[in-house]
Amino acid sequence: MNAIEFALKHMAWSNQEIFKAIEEFPEDIYGLRAAEKEWPVGRLLTHLIGAGEWFRYCLTGQKWEEVVSIRSHEVLRSQAKHLADLDALLINQASLPDESVTFKDETGPKTVTRSLILAQTVNHTAEHKGQIAAILKAHGHHLDLDKYDVWSYQSFLNKNDF
C-alpha cells in the first residue's frame, strides 16, 4: 500500500468515526459557528460530502449528486453512508497510475496529477475537521481529534488484523 492510499484509508475511517462522535452531541451543534457569518458545523459537515463529490468529478468526470444539508443527527447518519461510498472511490483511485487528469472548474479546464487531487482530498478534510472541533470547543463541546489521528488508526488496524 502506498502512502496516499494509507492516508485516504485513514481519512475514510476517521470520517466515519467523527460522524459517529458528533451524534453524541446535542442536535443544536449543527448551527454553531466560530464567528458571525462563518460556516456553521452542519455546513462544514455537508461540505465534506460536497467536496467528495467534487473530487470524484475531478477524477472520473462523473457529475456530482445533490448534497443534503446536514442539520440533524438523522441526516448525518444518512449522509455518512454516502461519504463512505465517496471515500471508497477515492481509495480505489490511489491504486491507479499517477496520470494527469483534466476537469473543468469555474475558470475553465484544469490538468493536474491524480496524486495532487488525492493529496488535496486528505488535506482538505483534515482542515475542516479541525474547524469543526474548534467550533465545538468554543461552545463547550469537546471533539477529541487525537482519537481519530493516524496513530489511533494504526492501533485500530493492529487490533482488527487489517
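This is a dialogue on how to read some features of a predicted model.

Visitor: Which residues touch the most other members of the largest nonpolar core?

Guide: A nonpolar core is a set of buried Ala, Val, Leu, Ile, Met, Phe, Trp, Tyr and Cys residues joined through side-chain atoms within 4.5 Å. Buried means under 20% relative accessible area, exposed over 50%, and partly exposed in between, with a 1.4 Å probe and protein chains only. Here the largest core has 28 residues, and Phe19, Leu45, Ile132 and Leu143 touch the most other members. At least two residues of this core come from each of H1 (3-22), H2 (41-60), H3 (73-93), H4 (114-138) and H5 (150-160). Helices (H or I, at least four residues) and strands (E, at least two) are DSSP runs, numbered from the N terminus. A second, separate core has 16 residues, among them Ala51, Phe55, Leu90 and Ile91.

Visitor: With what is leucine 45 in contact, leaving aside its neighbours within four places in sequence?

Guide: Contact means heavy atoms within 4.5 Å. Leucine 45 is in contact with Phe19, Ile22, Tyr30, Ile70, Leu76 and Ile132.

Visitor: How many residues of H2 are buried?

Guide: The count is 16 of 20, so H2 is largely enclosed by the rest of the structure. From its first C-alpha to its last, H2 reaches 29 Å, close to the 28 Å expected at 1.5 Å a residue; the expected span is 1.5 Å times one less than the number of residues. Just after H2, glycine 61 takes a positive phi of about 85°.

Visitor: Where is there a positive phi at a residue that is not a glycine?

Guide: Most residues other than glycine have a negative phi. Lysine 37 has a positive phi of about 75°. Lysine 37 is placed in the loop between H1 and H2, and counts as exposed because its relative accessibility is 74%.

Visitor: What lines the largest cavity?

Guide: On a 1 Å grid over the protein atoms alone, a cavity is a set of points where a 1.4 Å probe fits but cannot get out; a pocket is an open set with protein on both sides within 12 Å along at least five of seven lines; lining residues have an atom within 4 Å of a point. Grid points are joined across faces, edges and corners, and a volume is the space filled by probe spheres set on the points. The whole structure has one cavity of 30 Å³ or more, and the largest cavity has a volume of about 60 Å³. Its lining includes Met11, Asn15, Leu48, Asp87 and His124. H2 gives the largest share of that lining, four residues.

Visitor: Which residues are closest to the centre of the largest pocket?

Guide: The largest pocket holds about 220 Å³ of space. Of its 13 lining residues, His10, Ser14, Val122, Ala126 and Lys129 are the closest to its centre. H1 and H4 are the elements that give two or more residues to this lining. The second largest pocket holds about 190 Å³, and its lining includes Arg43, Trp54 and Trp64.

Definitions and conventions:
Residues numbered from 1 in each chain as written. Predicted model: local features only at pLDDT ≥ 70, side-chain atom pairs only at ≥ 80, totals over all residues. Heavy atoms only, no water.
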